[in-house]
Structure formats: structure tokens, C-alpha cells
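Please look at the structure first, then read the points by topic.

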There are 2 protein chains.
Amino acid sequence: MTGIDLGNETENSIFEAALDVFSRKGKHGARMQEIADTAGINKAMLHYYFRSKDLLYESVLGHVAHHFFSALEDAMSRPGPFTDVLGQMVGVYLDMHAANPAVARLWIQENLNGAPVAERILKQRKQSGAPGPHRLMRRIEQAVDAGEIKPTEPIQLMITVLGMTVMSFISQPTMKTLDPAAMADQAAFLKRRKKHIVEVLTHGLAS
Amino acid sequence: MTGIDLGNETENSIFEAALDVFSRKGKHGARMQEIADTAGINKAMLHYYFRSKDLLYESVLGHVAHHFFSALEDAMSRPGPFTDVLGQMVGVYLDMHAANPAVARLWIQENLNGAPVAERILKQRKQSGAPGPHRLMRRIEQAVDAGEIKPTEPIQLMITVLGMTVMSFISQPTMKTLDPAAMADQAAFLKRRKKHIVEVLTHGLAS
DNA sequence: GTCTATATCTCGATAGAC
DNA sequence: GTCTATCGAGATATAGAC
């Protein structure tokens, strides 16, 4: 499902189930029983493989972060003008979230809680030189310096891109009540969504 | 704090506390004990005033929705070209969330949970003719028809505006670790944020 | 490795004194 | 209206059979 493999089949099914439940209910609202049921095993197995709820949560967040940052690094490293790279990253990012909507929810849940676990992970990645959002920030700075886009604070563009993409998934329950027809075909909606985002960003950032 | 008044001082303090705790932990993760502690009273009072956790949650979501939709309706109803109106709405919306960041978190939590309560509230408002997001959708359609902005699916612009604004608050824990300096002064950051959003939207939607 | 059974704690909700 | 004390349900985590 996620493309993340922990090496053991039972462990993987627990991982997928935990990701889903944590992303909907949050770290505190999630119930070990619901994770076990979703994974199709019993509660005792959760503790056998991941020891505690806290450690299970940390494992999920860590693996997901690594998976996403690595994929984004690939898209970012391709040559070409910044707006093309940005378009490709938006595409990759939307596709990854479409294949696994739980990840966007999980990241949001972590932020609503003050992001204590995510903070530790991000600092670690930056220190070790692993792919992470700080690299994207530098790339934006370079694009501004080269005159490829209008002067833009990197953090503003980060929030804007994150908002336009992630919100596509987060807000779906509400949006489906506002315009059910537009959201009925998920694949078609996301195709139009991607076009909209790239258009707005390209013209909105043109120098 | 929110400007929402339930008429009774104790009731108000419970309301504020519940909004804060629900917004951080979600409906399932929130603990009645924590709400009571935050409000400075004991658990029994929560049940005395709001009967149950479910009813407390519904009350909070309902009052917050009404407060925000009414304010947005005011900003939307002012005369002038659409891009000006949009700029004003973004300003009002950012200011409201800045004064009460818990609201954005609460709305997100509700969506992560499938938005069952919000759905009921939205349908009720639409039926009764009360201010709500469906009115903004119609206003966007009119702007497209009048050629004020390039052809744009209303739902796409809704998600984009929501994403650019709400994400400013939601993502702060992560963003603070990425660029602490930029986020240190909250008021200054939001001023720059507003400018960025209006610029990107104005040029990004120009017909 | 996988299960059942259970220990221990914490939750939402209520009873009843004041 | 506001409190303390407490109930029963449900939570995490563990023990121990297989």
C-alpha cells in the first residue's frame, strides 16, 4: 500500500493499520484495539512487535517521513528551470498523497499536537545530511537569486505549496458536501487539481 | 478570547477550554479532565452545563462555525471587483484565525474524522439560508462569468484559499523548526503572509 | 509467533453532600 | 451551582499456554 517495507508481513500489516488509525484519530485518540482489528491480528501482537503505543507511533512517523523526503529529493534534483521542477514536485507530491492519503493526515495530526516527534526527526535528518525540507528551502532561494521567480520568502512558498497540495486531501469531507459532483471521480479531480495548482503558482510567482 | 459569548461566565470558560483541547487532541483524543483543568473547574461541571462530551463538542463546533461564517459573509458582501473582495476576505480570515488559532485546528480535526458533525451543520445552514461557504462558491462563479478572473472551478479556488490561509497556522510547529527567525514575530509573519497570498492569488488568477 | 486471559489504570458519567 | 467520591466501561500492557 505505502510501498514501505519493514521486512516482515505481520509487521507490515500492523504498520499500515497503525498509519491509518493514527492519521484519523491522532496519537491520543487512536485505540490499540482498532489498530489490531484493522491489521487483522490481536492486541498482544502490537506490543510484541513495537513494544508500546508511543514506539509504534514513532516508527510510523519516521518511516513515512523518510519515504516521502526521498521521493521529493528525486523530483527536486532533476535539471531544468525552477517552475518546471516545481511543477514536477507538485505532481509527484500529489500522486504520493493520492496513493496514500493517510500520510497527509498523519503529518497534520502531528502538527496539531505541536509536532514534538516530527521536530526530532527533522533535526536529525538535517544534521545527517539526509534529504529533507531544508534542501527545498535552499533551492527556492537559488531560484529567487537567479531571477527565475519574483522575490519570495522560502518559508512562504513552502507553506503555500504545502497548503495547496495537502489541503486537497484534508478538506475532502467538507468539500464533498459543498460540491459532490466535482469530487466524485477522485482521479479526475486530482488531475484538475494539479493543473489548477501549477497554473496559479506559475503565474503567481512569475518575475 | 473568541468573541463568542454563551451568556454565562462559567459556561464561557468551559467553551474556550473545550475549543482549545478539542482542537489539539481531536474529539476522541480530548480528555474531559484536561478540559476541566484548563477551564479551572472540575469534571462534574462539564456535565452539568453540557451534559455529555458529544454535546459539548457539537456546541463548540456549531458556535464557531456561525461566528466565522457570519464574519466572512460581511467581508464578501462589500461592493467592488472580485480580486479586491478576495483580498479583503483573506485579510479578515487571517485576522480571525490569528486571534483564535484553535478554530483552524478544530476544523481540520473534524475533517480528519470524516466531518460528520460539520456536514450536518453545513447542510442546515444552506437549507435555512444562513451564511455559509456555498455563497462564496456562487460568488466565484459570478466572477468567472463576468471575466474578472480566469475560468476557475469554484471548488478549486475554495481549496486553494483555504489551504494558503489555514495552513499558515496548522503548519507552524514544523515551520518553526525550518525557519525559526521568520516565524519568531507572529504579527510580522502574518503581515508578510497576507501580502504573499494576495499577490500569488491576484496574478495567479488574472484572466 | 500467536493466542486468551487478566492485571492495572484511566476514561466518561453520575450520585449526593453542601 | 459547585464540589468529592465513586461506578462501570474501556484503555494499555503483560503473563503464560500453545
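This is a predicted model: local features need pLDDT of at least 70, side-chain atom pairs count only at pLDDT 80 or more; totals for chains, interfaces and linings use all residues.

Residues are numbered from 1 along each chain as its sequence is written, chains are lettered from A and ligands numbered from 1 in the order in which they are written, and side-chain values use heavy atoms, with hydrogens and water left out.

**How the copies meet**

- Two copies of a chain are related by a rotation about an axis and a shift along it.
- The copies meet through the same surface, because 100% of the interface residues of chain B are also interface residues in chain A; contact here means heavy atoms within 4.5 Å.

**DNA strand D**

- There are 15 residues around DNA strand D, and K43(A), K53(A), N42(B), M45(B) and Y49(B) come nearest; a residue counts as near if one of its heavy atoms lies within 4 Å of the strand.
- Of the atoms of DNA strand D within 4 Å of the protein, 59% belong to sugar and phosphate.
- The side chain of Y49(B) has an N or O atom 2.9 Å from a phosphate oxygen of DNA strand D, and for the side chain of H47(A) the distance from a phosphate oxygen is 3.2 Å.
- The side chain of K43(A) has an N or O atom 3.5 Å from a base nitrogen of DNA strand D.
- α2 (32–39) and α3 (43–50) of chain A, together with α3 (43–50) of chain B, each give two or more residues to this surface.
- α3(B) gives the largest share, four residues; helices are DSSP runs of H or I with at least four residues, numbered from the N terminus.
- By class, the surface near DNA strand D has seven nonpolar, five polar and three charged residues. Ala, Val, Leu, Ile, Met, Phe, Trp, Tyr, Cys and Pro count as nonpolar, Asp, Glu, Lys and Arg as charged, and the others, Gly among them, as polar.

**DNA strand C**

- DNA strand C is surrounded by 15 residues, of which N42(A), M45(A), Y49(A), M32(B) and K53(B) are the closest.
- Sugar and phosphate make up 60% of the atoms of DNA strand C that come within 4 Å of the protein.
- H47(B) places a polar side-chain atom 3.2 Å from a phosphate oxygen of DNA strand C.
- The largest share of the surface near DNA strand C, four residues, comes from α3(A).

**The largest pocket**

- The largest pocket holds about 230 Å³ of space.
- Its lining includes T177(A), L178(A) and D179(A) from chain A, and H134(B), M137(B), R138(B) and E141(B) from chain B.
- α8(B) gives the largest share of this lining, four residues.
- The lining divides into four nonpolar, two polar and five charged residues.
- A pocket is found on a 1 Å grid over the protein atoms alone, with a 1.4 Å probe, as an open set of points with protein on both sides within 12 Å along at least five of seven lines; lining residues have an atom within 4 Å of a point.

Definitions and conventions. A polar contact is a pair of N or O atoms within 3.5 Å; within protein, one must be able to donate a hydrogen and the other to accept it, and residues adjacent in sequence count only if both atoms are side-chain atoms. Grid points are joined across faces, edges and corners, and a volume is the space filled by probe spheres set on the points.
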